[in-house]
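Please look over the sequence and the model shown here.

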Amino acid sequence: MIFKRIIVSIIFLLTTSLVSQEINIPKNISKSYNEQKFIYFFSKNNYLKLDVANYKISESFEFNNNGFDINNYTPIKINDVFYFVQNVGGLVLELNKNDLKRIDNSFNHKMQISSSVFKYKNEIYRYGGYGFFSARELMVKFDFETNEWESVKVNRELIPRARYSNAFSIDENNLTIIGGTTVDRYNREKRVRLTDMWQFSFEELKWSFLLDSEEIQPIDYEAFKFDNKIFFREGNYLKSLNLDSFELSNNNLTNALLKVSKRFKIHYFDGNFQLFLSSSDFNDNFSTRIFDNSRLFEDESIKIFLTNS
């Protein structure tokens, strides 16, 4: 299949220099995946690999999607193999060479909508989610031997309230969840924004409460981690929550950040942000830019300290 292509300018804003390079990217890409210094772009039956360090993009890799729409899946890369986890149910696809095939023995249960899908030690997990007027509190892991989802056994002395559309962060041994939405226990049609923060230890299989503050209520699934901070947008401000000190910083956005496209995630490499900027023309063109961290914000941080409660 021949792609309709658009010109995308890769502009590197470094501390001392400005470099511009033009490359071609398909306009109908719908997913992006960040791994180290590469970004993978997916359309329904093709993908491209962008080398951020050298601003070079690969030729298009075509595959047979066998009727699966990857817009409804979350990509995960394990040992050079791409897997796609269904956003609403239990389906798992594997991109084996040029063929996209279903490998799970699950079904489209639609009980974990807007759950947190992530990789930990080369295994696929998902936490929380929503379905049938209820939020979920469980964590499940995909078993590559049985090709089924298995519940992760958890020390239930203390567990967070069920939720979905929350922000999350993974480090060497822990999953941290922040905010999100839950369902009112007495009115199942009412949604409640959460303001708490919890950490799950994969070694101890145990949850720990970290804090609760109204200041983090705007944090949701669109937040992203950078330099051990969770960044989230509120109006014309990009706020950051330090995961070590629980310090909240408030930054006035540059004009570039105000134009960030919602079609793609914000990626980051070696202290730099990779942004996808929407243009104002009618063709929905976009460009990518890399910003040095020191040039990202117009104003100095306004620091707010959160307290445990």
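This is a predicted model: local features need pLDDT of at least 70, side-chain atom pairs count only at pLDDT 80 or more; totals for chains, interfaces and linings use all residues.

Residues are numbered from 1 along each chain as its sequence is written, and side-chain values use heavy atoms, with hydrogens and water left out.

**Whole chain**

Of its 309 residues, 49% are buried, where buried means under 20% relative accessible area with a 1.4 Å probe, protein chains only. The accessible surface is about 16,200 Å², and carbon and sulfur atoms hold 46% of that surface; the areas come from the Shrake-Rupley method with a 1.4 Å probe. Among contacts (heavy atoms within 4.5 Å) between residues at least 6 apart in sequence, 45% join residues at least 24 apart.

**Strand pairs**

Strands of a sheet pair through backbone hydrogen bonds, either parallel or antiparallel. Two strands are taken as paired if DSSP finds at least two bridges between them. The table lists some antiparallel pairs.

| Pair | Bridges | Sense |
|---|---|---|
| β8 (residues 73-78) and β9 | six bridges | antiparallel |
| β9 and β10 (residues 92-96) | four bridges | antiparallel |
| β18 and β19 (residues 174-178) | four bridges | antiparallel |
| β25 (residues 229-234) and β26 | six bridges | antiparallel |

**Around β9**

Strand β9 spans residues 81-86, and five of its six residues are buried. Towards β10, Phe-82 stands opposite Leu-95, and the hairpin of β9 and β10 has five residues between its strands.

**A four-strand sheet**

Four strands form an open sheet in the order β18-β19-β22-β23, with antiparallel pairing. Its edge strands, β18 (167-170) and β23 (206-212), each pair on one side only. From one strand to the next the twist averages 20 degrees, with axes fitted as lines to C-alpha atoms and angles running from 0 to 180 degrees between N-to-C directions. Within this sheet, Ala-167 has Ile-178 of β19 as its bridge partner.

**Strand β26**

Strand β26 covers residues 237-242 and is mostly covered, with five of its six residues buried. Tyr-237 in β26 is the bridge partner of Glu-234.

How values were computed
Buried means under 20% relative accessible area, exposed over 50%, partly exposed in between (1.4 Å probe, protein chains only). Helices (H or I, at least four residues) and strands (E, at least two) are DSSP runs, numbered from the N terminus.
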